[in-house]
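Thank you all for coming; I would like to walk through one model this morning, moving from a strand to a helix and then to a single residue. Please have the sequence and the coordinates open while I talk.

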Amino acid sequence: MPNPPAREIIVVHSSDLHVDHEYTARLHGGDGTAGLACVLDAARQNSADVVILAGDTFDHHRVPRPLIERAAAVMSVAGLRIVLLPGNHDPAIADAVYRSSALATVKNLHVIGITHDEAVDFPDLSLEIWGRAHHDYADMIPFESVPVRRMRWLIAVGHGHYEPKPDRGAGPQPSWLISDDEIAATGADYVALGHWNRAVQVGNGKVPAYYSGSPENSGTINLVRLSETNGVTVTRTPLDIAREPTE
């Protein structure tokens with residue numbers, strides 16, 4: 001196991017950006033990538049080592065090519081290591097936007113389920129980021145399997161609906177369920193969740209697990225600090241971003 005770096009590691013966690021040319025674009029005066037740019041700008045300002053986008057970065061795979069190219073440029077220019085987990089809106093299907101030439105050539109973009117199977121390693125940080133991508137639009141269990149720790153720091157990423165003790169044999173209910181026991185079984189130092197628009201901590205406290213919320217809804221990103229001295233600390237950092245209208 002690589003020796004951990006002497007300094008603390010800073011990870012920015014966001015999700016549910018829903019880059020598109022329709023609803024999200026209208027919130028930002030026609031620029032569907034503005035939310036993505038805002039999150040990456042905030043990550044740079046906070047000296048992030050890694051950015052995690054925990055699902056639904058794109059609203060769907062039918063977005064126009066110029067929008068994909070713009071998103072690729074935003075990611076490339078950011079110069080940050082980005083780990084992206086495909087969610088239920090943007091699963092890792094055969095014609096996923098992540099297989100386009102524009103995004104496939106972004107060297108700092110790591111897409112779980114496409115460029116990497118389930119784990120992205122950063123040996124210089126002694127950090128492993130693990131997750132199970134949505135590979136289609138059907139139901140799945142985000143934390144059905146358990147990662148084997150190979151680095152000093154382990155972050156698990158999942159996109160789904162938290163329910164403390166789900167009964168998967170019951171009638172109609174939300175899909176992509178994530179339970180307390182499954183979160184705890186990851187043994188991770190932090191669990192980065194996506195799918196909920198609001199930012200909130202979940203789980204039974206055995207493992208720190210948080211939804212970041214969508215940037216336009218929560219107005220924040222999760223700033224995660226991994227430190228040999230102080231352990232894991234999580235704070236919400238405000239964004240200067242257009243917000244979704246409230247009723």
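This is a predicted model: local features need pLDDT of at least 70, side-chain atom pairs count only at pLDDT 80 or more; totals for chains, interfaces and linings use all residues.

**Strands, a helix and one arginine**

Let me begin with β10 and strand β12 (residues 209-211), which pair in the parallel sense over three bridges, where pairing requires that DSSP finds at least two bridges between two strands, and where strands are DSSP runs of E with at least two residues and helices are runs of H or I with at least four, numbered from the N terminus. Within that pairing, V191 has A209 as its bridge partner in β12.

Residues are numbered from 1 along each chain as its sequence is written, and side-chain values use heavy atoms, with hydrogens and water left out.

β10 (residues 190-194) also pairs with strand β7 (residues 153-159), the two running parallel and joined by five bridges, and there I155 has Y190 as its bridge partner in β10. As for the faces of β10, Y190, A192 and G194 point one way while V191 and L193 point the other, and all are buried, meaning under 20% relative accessible area, as against over 50% for exposed and in between for partly exposed, with a 1.4 Å probe and protein chains only.

Turning to helix α2 (residues 34-45), its 12 residues should span 16 Å at 1.5 Å a residue, and its end C-alpha atoms are 16 Å apart, which agrees; the expected span is 1.5 Å times one less than the number of residues. The buried residues of α2 are G35, L36, C38, V39, L40, A42 and A43, and they pack against several elements, including β1, α3 (65-78) and β13 (220-227). Just after α2, S47 takes a positive phi of about 55 degrees.

β13 and β14 form a hairpin with three residues between them, and eight bridges join β13 to strand β14 (residues 231-238) in the antiparallel sense.

Not counting residues up to four places away in sequence, R7 touches D49 and L125, contact meaning heavy atoms within 4.5 Å. The side chain of R7 makes a polar contact with the side chain of D49 at 2.7 Å, a polar contact being a pair of N or O atoms within 3.5 Å where, within protein, one must be able to donate a hydrogen and the other to accept it, and residues adjacent in sequence count only if both atoms are side-chain atoms.
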